[in-house]
Amino acid sequence: MDDLGRMDSPIHRIDARAKIIATAAFVLAVMSFPRYEVSALMPLFAYPFALIAVGNLPAGYLLKKVAVAAPFALFVGIFNPLLDRQPMGMIGPVAISGGWFSFASIMVRFTLTVSAALALVACTGIHRLCAGLKMLGLPSPFVVQLLFLYRYFFVIGDEGLRMLRAAEMRSTGARTLAFQTYGTLIGHLLVRSMDRAQRIYRSMVSRGFDGEVRLLRREAPGWRDVAFACGWIAFFAFARSWDLAEFVGRWLSRGPS
Amino acid sequence: MHMADALISPAVGGTMWATSAGLIAWCARKVKGVCDDRLVPMMGVMGAFIFASQMINFSIPGTGSSGHLGGGLILTILLGPHAAFLAIASVLTVQALFFADGGLLALGCNVFNLGFFPAFVAYPLIYRPIAGARRAGGRAWTAAIVAAVAGLQLGAFGVVVETKLSGISELPFGTFLMVMQPIHLAIGVVEGLATAAVVEFVARVRPEAIATTPAAALGQRSLRPVLAGLLVAAALAGGGLNWFASSHPDGLEWSISKLTGKEELEGSGDGPRGPAARIQEKTAFLPDYGFRPAESKPAPAESSAGPGAGPWPAVSAGTSVSGIVGGLITLIVAGLIGYLLKRGGRTTT
Amino acid sequence: MSDPMIDITDVCFTYPDGTEALRGVSFRIGHGESVAIVGANGAGKSTLLQHLNGYLAPTRGDVRIGGQAFTRERIAEIRRSVGVVFQDPDDQLFMPTVFDDVAFGPLNLGVPPEEAERRAVASLDRVGMAHLRERPPHKLSAGEKRAVAIATVLALSPDVLVMDEPSSNLDPRGRRRLIELLATFEHTKIIASHDLELVVELCPRVIVLDGGLIVADGPTERLLSDEPLMLAHGLERPHILRHRHPH
């Protein structure tokens, strides 16, 4: 994800704030559709697709990440077809119940919002994203918290996996740890992490840390950024108000007759 | 128990976002006010620790399954409620953004369910009174288990309530509750055991680390008015939501239609139609092809949503057929545009 | 400038748990000198280094940098003039990108953003890592991390560079590059290290610590060739000196 965030493309160059605002509007628009809506949501795929395409992001990789996260939505959504059997539409001779519509709607919404969120991160990068959030008014301690968390996740994750490997090599091939071992291993990891926090603090203080972490990001939004946010918001409002898919469908259905 | 975007309505998601954002702002101010700069790296590293620790599992004897640390309670024990809430919120935010674990709109719900309950309810009202200053021994273990169970029960209840208020999942309230609460009882016990074991280990090998964490600096004193305020806010929000849910299936949708002066095309059949809808009907590409919007009838399943629930906007049969075709076409068009943009991008960059 | 750069007089330090880490240490280091501090683990090296930028205050004794004692008003200025490079670069590089990390110090000094950026770029250039400016630190190699960690300190234009085990975790090539880089610095240098070959190459003077006391202080080649002295304090004579002075 980091490497993606550092790439250069017209989308990457857009101000982080414009992308955050557009994505927030996108999520709200998607979620505000009525519960049985499926087809009217389709035009909204334009947003994640555009980010992925213009941003030169690897679509397959992002798709895999979306799929990994799918089971929970699937789990809760799958009850809808079982519980809501009221027929609502016909495809040829087959009656489709409302539950299937709302289930399909849940899955489409899920795919839309998750792919948009992933694309946002992938075409912005965590540090610009956080700087953008800060400029949008997110409290600075929380922004710094996000940055530190992201920075040290890799370091501590690595340390944890090394300890786990060492423990596994001395255990009898069990994939998971016995509870006793777990407490000790995680406890050790915690103590090491605390020590690390102390060393980091020391290194911050030795470079003049005074409680405030300053980020040097000077992004002045240009007309492109404003146009990006406004254009997309207008599109979302349009797609939300008029069922574009319906229009296209009707227009096509009329064709042969 | 991360909630996904697909399951919550903008009204619920937005309310929880506002609540969690308010809590974050308040905690950020508190943490800054402590004037302990050491907290900055400590919170970050502890958040990363929780993240990392979730990759490591232990086996639960006799069940064949495994568990790991959830983190809310142990962070609160180590950092105090305010710093811990920020750390939990940051973990959930990164999970939502990078691992698509829980959605963006659902983030407010998730932060509240997994952060607020352990940090501001389970820890001050259960863990501290039981454990006192003890970090090892029977009382500390009891405190951790009871507090973890309580925190997760409340969190699970939050998930159920938020899902139900959103009205997107068909799961009946009672059934969902009966599934969620017992599962989270088990998860809570595991979480409590893991928390107690790790805390005891640290208390043994590094007693000063636990004693000197700034948990004590942020007292419980200031907590009560905040809790009271939150309860009032929750009651108000709940009342507001209820009103929205009963008279307007969807707050945002309602406000949009109000703003544009146009009811939804497939909206409640007997309601007065706005002029825009009439115009739209006249200008529709093939008005005689689709079924009349008035034919749409409310799904009976909805009547269980709550007393006084009006007819939900339902998709008419006509809408759905042409809708499926159109949906596929627009999907393809969107994909095609993306493809062309990509090719264009390649040649220019 | 008759004051020595660093003047340490009879410094003692006892940790809260009762461990006596320093038991009366005194030395002076002049401007532009390069001095190594060697000693077995637990000899007190790290504790001593932490006194040089005021992170720890001596339980007894006096630490002066450029003739100045540590006072509440001066501590920020002294910390700027004494740059510390820590043993684990992961502790030193805590910001999201290399550039942010190098700019962290100057921004804390209240330098205007343009100037902070200029200094950050110049420091990265100085260590040959300008091409990494937008990289997140966790994507760097050990050698790159070390070089960037040095750049974060250079950005504060320090007078003294204090380094704790600068060559740890580096592969031979990374270590060689580091030695070449450090040799180009004209700062006053204090290097605590177990890498005695590096010490021989970079520091003409060495201070040997053991048990919180200075057991020897003098020319590197003479002290490190003194086999009995080295062995008595948990060290050994570096190979490089064996070849130079075959017996």
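Here is a short tour of a predicted model, with something to select at each stop.

**Stop 1: chain A.** Now follow the chain along its sequence: the pattern reads α-α-α-α-α-α-β-β-α-α-α-α-α-α.

How many of the residues count as buried? Of the 257 residues in chain A, 61% do. Contacts are worth a look too: among those in chain A with a separation of 6 or more, 76% link residues 24 or more positions apart.

Stop 2: Select residues 6-14 of chain C, which form strand β1, and then residues 20-29 of chain C, which form strand β2. These two strands run antiparallel, joined by seven bridges. Zoom in on C:Val11 and look across to β2(C), where C:Val25 stands opposite.

**Stop 3: two cysteines.** Pick A:Cys123 first. Buried or exposed? With a relative accessible area of 0%, A:Cys123 is buried. Then jump to C:Cys12, back in chain C. This cysteine has 13% relative accessibility, so C:Cys12 counts as buried as well, the cut-off being under 20%.

While cysteines are on your screen, how many disulfides does the structure hold? Over all chains, there are zero. As a reminder, a disulfide is a covalent bond between the sulfur atoms of two cysteines.

Note on methods: Residues numbered from 1 in each chain as written. Chains lettered and ligands numbered in written order. Predicted model: local features only at pLDDT ≥ 70, side-chain atom pairs only at ≥ 80, totals over all residues. Heavy atoms only, no water. Helix = DSSP H or I, 4+ residues; strand = E, 2+ residues; numbered from the N terminus. Buried < 20%, exposed > 50% of the residue type's maximum accessible area, 1.4 Å probe, protein only. Contact = heavy atoms within 4.5 Å. Pairing = 2+ DSSP bridges. Disulfide = S-S within 2.5 Å.
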